[in-house]
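Have the structure open as you read.

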Amino acid sequence: MAEPKITGLAPRLTSIDAYRGFVMFLMMGEVLHFCGVAQALADSWFWKQLCFHQDHVEWIGCSLHDLIQPSFSFLVGVALPFSLAAREAKGQSRGKMTAHALWRSLLLVALGIFLRSTRRDQTNYTFEDTLSQIGLGYTFLFLLGFRPVRDQLIAVAVILVGYWAAFALTPLPDASFDYSAVGVPESWPHLMEGFAGHWNKNSNLAWRFDTWFLNLFPRSEPFQYNGGGYATLSFIPTLGTMILGLLAGGVLKSAASSSGKMLRLAAAGAVCLAAGYALGWSGLCPVVKRIWTPSWVLYSGGWCFLMMAGFYAAVDLAGLSGLAYPLRVVGRNSIAAYCMSGLTESWIAKNITTHLGEAPFLVLGPAYERLLHGSAVLAVLWLVLYWMDKRGIYLRI
């Protein structure tokens with residue numbers, strides 16, 4: 001990979017916006033309720049597959065939905081070399097850019113806390129969501145943006161090996177440990193034995209950290225566990241994912257030929273995907289998104305490299321930017337899309353029913369009612385973003 005060049009203003013790559021828009025569509029597309037259709041059409045393999053890929057796996061493994069957060073994090077890294085070049089071209093000093101990076105980190109963490117606290121009686125101080133995880137690592141990513149590729153690769157290696165070692169060296173819970181007390185039923189089929197047990201749900205290093213750290217904040221009752229097994233410390237390996245994106249951004253911004261860039265991204269994707277899978281298959285490090293294991297960084301990062309290569313080939317090389325326009329509308333305003341999805345989705349859904357009733361969504365039968373209703377919600381969200389895009393209104397942090 002070429003050394004990152006952060007001087008000189010580079011043109012905006014449409015493929016980055018298209019990939020980001022695709023990721024946001026996957027997130028907003030939860031309103032389509034594929035699993036509801038699959039439940040109603042129990043014999044349909046097609047809808048079962050759509051249902052599987054619209055939800056997170058319970059612990060080990062990966063669905064398309066599991067790639068939303070790593071893709072969003074990866075794209076933060078991809079965009080950084082272009083952002084740094086634009087700021088330097090405007091004459092901004094390193095100190096001013098660093099101050100902005102710190103401010104952005106704080107805002108992302110605060111926004112994540114705010115969105116998780118809606119409809120609650122008090123502020124919900126947890127840090128496992130996408131925005132907070134990115135915010136906790138963003139300043140470190142920014143500083144690495146000025147370093148050569150060698151240092152970025154070293155940083156990824158140190159993060160992955162160090163995080164793996166920290167889990168591996170943490171003592172396993174003893175035989176009397178009550179998993180049911182930390183939200184893991186005795187019949188749960190995903191508990192691992194032996195060495196892999198270091199990465200079991202709500203009994204690992206990150207869970208132990210949160211039972212101390214999260215109880216430093218005001219809470220209505222003590223924090224005991226996260227129902228999904230998510231953890232604050234995942235921001236460390238998430239930084240690894242963002243650095244992989246930074247490396248990809250360096251490739252896209254380099255002077256290499258267009259076909260050379262695509263091939264480098266694809267090759268990096270294949271290597272990361274194989275390495276992550278091998279670590280999981282060997283039992284050295286299970287591939288678990290919910291606690292962002294090092295093998296997950298590599299495995300999901302491999303998919304991110306491959307998807308970036310695919311979007312770059314289709315949108316920027318093959319010239320399909322027009323077909324990607326619906327995605328670009330969302331991708332250019334991803335923070336607005338994220339907030340709208342969390343804050344206004346249920347309000348839009350309710351008002352659609354209020355004004356249109358249920359009849360329009362029953363035309364294909366009860367099995368598809370929630371799908372059609374969700375499609376209407378998704379259309380409204382997209383039209384708002386389209387209106388904002390046409391008027392140059394973008395929510396930036």
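Helices α6 and α9 cross in a right-handed way (right-handed if the near helix is turned clockwise from the far one by less than a right angle, left-handed if anticlockwise). This is a predicted model, in which local features need pLDDT of at least 70 and side-chain atom pairs count only at pLDDT 80 or more, while totals for chains, interfaces and linings use all residues. Residues are numbered from 1 along each chain as its sequence is written, and side-chain values use heavy atoms, with hydrogens and water left out.

**α6 with α9**

- The axes of α6 (residues 130-144) and α9 come within 9 Å and cross at roughly 45°; axes are lines fitted to C-alpha atoms, for helices over the stretch in contact, and angles run from 0 to 180 degrees between N-to-C directions.
- The two helices α6 and α9 are therefore oblique to each other (under 35 degrees is roughly parallel, over 145 roughly antiparallel, 65 to 115 roughly perpendicular, and the rest oblique).
- Helices here are DSSP runs of H or I with at least four residues, numbered from the N terminus.
- Residues in this contact include Leu 136, Phe 140 and Leu 141 of α6 and Phe 235, Met 242 and Leu 246 of α9, where contact means heavy atoms within 4.5 Å.
- By class, the contact of α6 with α9 has 11 nonpolar, 3 polar and no charged residues (Ala, Val, Leu, Ile, Met, Phe, Trp, Tyr, Cys and Pro are nonpolar, Asp, Glu, Lys and Arg charged, and the others, Gly among them, polar).

**α7 with α9**

- Helix α7 (residues 149-169) packs on α9 (residues 235-253) at about 155°, with axes 9 Å apart, so α7 and α9 are roughly antiparallel.
- The crossing of α7 and α9 is left-handed.
- Among the residues that meet are Val 156, Ile 159 and Tyr 163 in α7 and Ile 236, Ile 243 and Leu 247 in α9.
- The contact of α7 with α9 holds 13 nonpolar, 2 polar and no charged residues.

**α9 with α10**

- The axes of α9 and α10 (residues 258-282) come within 9 Å and cross at roughly 165°, which makes α9 roughly antiparallel to α10.
- Ala 248, Val 251 and Leu 252 in α9 meet Lys 261, Arg 264 and Leu 265 in α10.
- That contact of α9 with α10 has 4 nonpolar, no polar and 2 charged residues.
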